[in-house]
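Subject: Structure for you to take over

Hello,

I am passing this structure on to you, and the files are shown just below. After them come my notes on what was found.

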Amino acid sequence: MIFLRRQLPLLITMITGLIFAGQYYVPHPASEQLLTSATKWLQIIGGFALVLGVTSLFQVHAAKIRRKEAGWGYSMVLYAGMLGTMAVGWWANGKESVEGVSTAFGWVYNFMMVPLQGTMFAILAFFIASAAYRSFRARSREAAVLLIAAVIVMMGRVPLGEYLVPVSGDISQWILNVLNASVRRAILIGVSLGAVALSFKIIFGVERSYLGGGKE
Amino acid sequence: MLKKPPSVVLASFRPSTYPRGYASALHSLRPCWMVFLNILILIVVCGVSSAVVLAEDHLAVPANLQVFDTPNDGGQSLTVNWAPGALDSPDVRYQVLVGDAGATDVAALKVVAEFPAHTRLVKDAKGAWWTRTAERNWHQFTIRSGKAVELKDGTVYTVTVAMLKGEERIVGPLLQAAPTPNWFNWNLVNNLVLTLIFGGVVFFSIAHARRRDIFLRRIPGLDAVDEAIGRATELGKPILYLTGAHDMSDPSTIAAAVILGRVAKKTAAYETELLVPHRDPITMAVCQEITKQAYLEAGKPDLFKEDSNFFITSDQFSYTAAVDGIMLRKQPAANFFMGSYFAEALLLTETGASTGAIQIAGTDSDHQLPFFVTTCDYTLIGEELYAASAYLSREPVQLGTLRGQDIGKAMILSVIAIGILLATLGVATQAAWPQYFLDFFKDVK
């Protein structure tokens, strides 16, 4: 049993990890074919896993409705939305439009889903403003630096700002191209090394907690 | 063309302005021989110069033409090399022609490319210096299978290069080659060498860490994990843990899942509720197992809830709206944002900040770092996310990996410093050798 739960997954991880690390260096079509096949398998497994996810979603919200937990009405809305969309999807045979005419399924997507997504994205502008207000209050030296840099960059990026302070365009470009770019690259180097080290640990079985944690 | 007019050449034979003693021996030949000599030199110079002009006007066959299978590729491609010509300029053009193996006439070949004669040089090609097939100033063109021509692996093709100027065209010899796929990309050999060196350093550091204690610098964001869980316990509120936008194939999600195991162990010990909403069903299944194991290890298997890890949706903003709703309704005392994030980062953290929760973020998404830094109490920047597992567990094996990463960073810093010196030296001395060192590290793909 311990072989099936621990050693076999570690063995599969090591073999597939080494094969696909090596695949990067092999330009032969057979190698490309292997990668394509593995990607398709991942998509197939992902499709089946979606059933797992949707089951979890139904269970969680069913329990909320059953227990009449706070906000159980939202769970009802979720059920109505999901079942309603599935019904119109089946009705329209999964098509958003037929001969240029929008189906009910297409209508749900275009006039409910898209505007709701747009609304969420639009909120971001206000959240940026409130986050900027809290962060840019010059309470510390770091916050003051942040505030000054932000003001310069904003002046340089907004046409009116550059009109009022012509040099702000060049300074903001320098901040972005030199200071910002160098720091980002330093972070990316660290991230890449961290990712490679983690990959080594996983491939060679040093890191096993993703299998369910603990030591055997 | 003459570099100097004949008058300038003849000027050297004019009477010297120097005193007699300094005059050239030729001056003694004047006057009658001098006239004859001048005429003779004029004839010779004009003859030579007109011969040069004639030679320069005439196109030449592309010299040292070579056609071969493109090395280090997946096949369906041929490469042509030829030496630079004396007439190479924007006015002159080259044509690359391809045809079947049996083609013996240029008319049977198809023009697949035409370009100015001063372009398409070996030095402009993407390959690394150790895989170059000709000198840097030679011409190189890679014929790939596409709309212009279809190349099949193992089939022989006839290839040649023609030189054009105006209406005049001169075609090189017809050469044959067959494309074949390769089993190793030697352009990436530096990548492989550096990866193996880094891997060796990591495993050496792990072995070293098993024998000796390793100093670990403080990471305030990870020290605050206990504080956040303790606070949630005191307030009797749940802890919200997010694993990011990517699936389990992304290292940042794996790192987030590993940290979840440590956090879950502590929430189990403190008997605090844990909520882990997911965007990916596979990540959810993995995290369920990790959480279950953490509760078992903490000796509280009865407290484990199957639905502490739950799926919401894969859609970015639907997920964000749902998590924001959970934050506002359940008012978690601590929010953890680990993994990779996109535009939803600020929507999540700003909502969390408005509820007064203590927030700890850890991400490798450099474009979202400013939002996390401004809205969260603690932020794990870049590789600190990958270091978190080691920091929280304090296992020697994990700590050794951190030391390996640090040595890797030191190596990169050294290469950058040496590279700056060599690049400066190369420019100052016009030497070519520093470029080989720079290319070895520059071409890491």
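Chain A has seven helices and two strands. Read from the N terminus, the order of its elements is α-α-α-β-β-α-α-α-α. Please keep in mind that this is a predicted model.

The radius of gyration of chain A comes to 26 Å, whereas the globule rule gives 17 Å for 216 residues; the value is well over the rule, so chain A is more spread out than a compact globule. Along the principal axes, the C-alpha atoms of chain A fill a box of roughly 65 × 50 × 45 Å.

Chain A is divided into three parts: domain 1 covers 31–91, domain 2 covers 93–124 and domain 3 covers 136–210. The centres of domain 2 and domain 3 of chain A, taken over C-alpha atoms, are separated by 36 Å.

One helix of chain A was checked for length. Just after helix 3 of chain A comes N93(A), with a positive phi of about 60°.

Now to chain B. It holds an open sheet of six strands, ordered 11-10-9-12-13-14, and the pairing is parallel. Strand 11 (309–311) and strand 14 (378–381) of chain B are the edge strands, each pairing on one side only. From one strand to the next, the twist averages 15°.

Within this sheet, strand 9 (residues 239–242) and strand 10 (residues 274–278) of chain B run parallel and are joined by two bridges. Opposite I239(B) stands L274(B), which belongs to strand 10 of chain B. Helix 7 of chain B (residues 316–330) packs on the sheet and touches both strand 9 and strand 10 of chain B. The direction of helix 7 makes about 160° with that of strand 10 of chain B.

The last item is where the chains meet. How many residues of chain B are in contact with chain A? The count is 62 residues of chain B, in contact with 52 residues of chain A. Helix 6 of chain B (residues 281–297) gives the largest share of the side of chain B that touches chain A, with ten residues. By type, the residues on that side of chain B divide into 34 nonpolar, 18 polar and ten charged.

Regards

Note on methods: Residues numbered from 1 in each chain as written. Chains lettered and ligands numbered in written order. Predicted model: local features only at pLDDT ≥ 70, side-chain atom pairs only at ≥ 80, totals over all residues. Helix = DSSP H or I, 4+ residues; strand = E, 2+ residues; numbered from the N terminus. Pairing = 2+ DSSP bridges. Axes fitted to C-alpha atoms, helices over the stretch in contact; angles between N-to-C directions. Contact = placed C-beta atoms within 7 Å. Domains from an automatic or database assignment. Nonpolar A, V, L, I, M, F, W, Y, C, P; charged D, E, K, R; others polar. Rg over C-alpha atoms; globule rule 2.2 N^0.38 Å.
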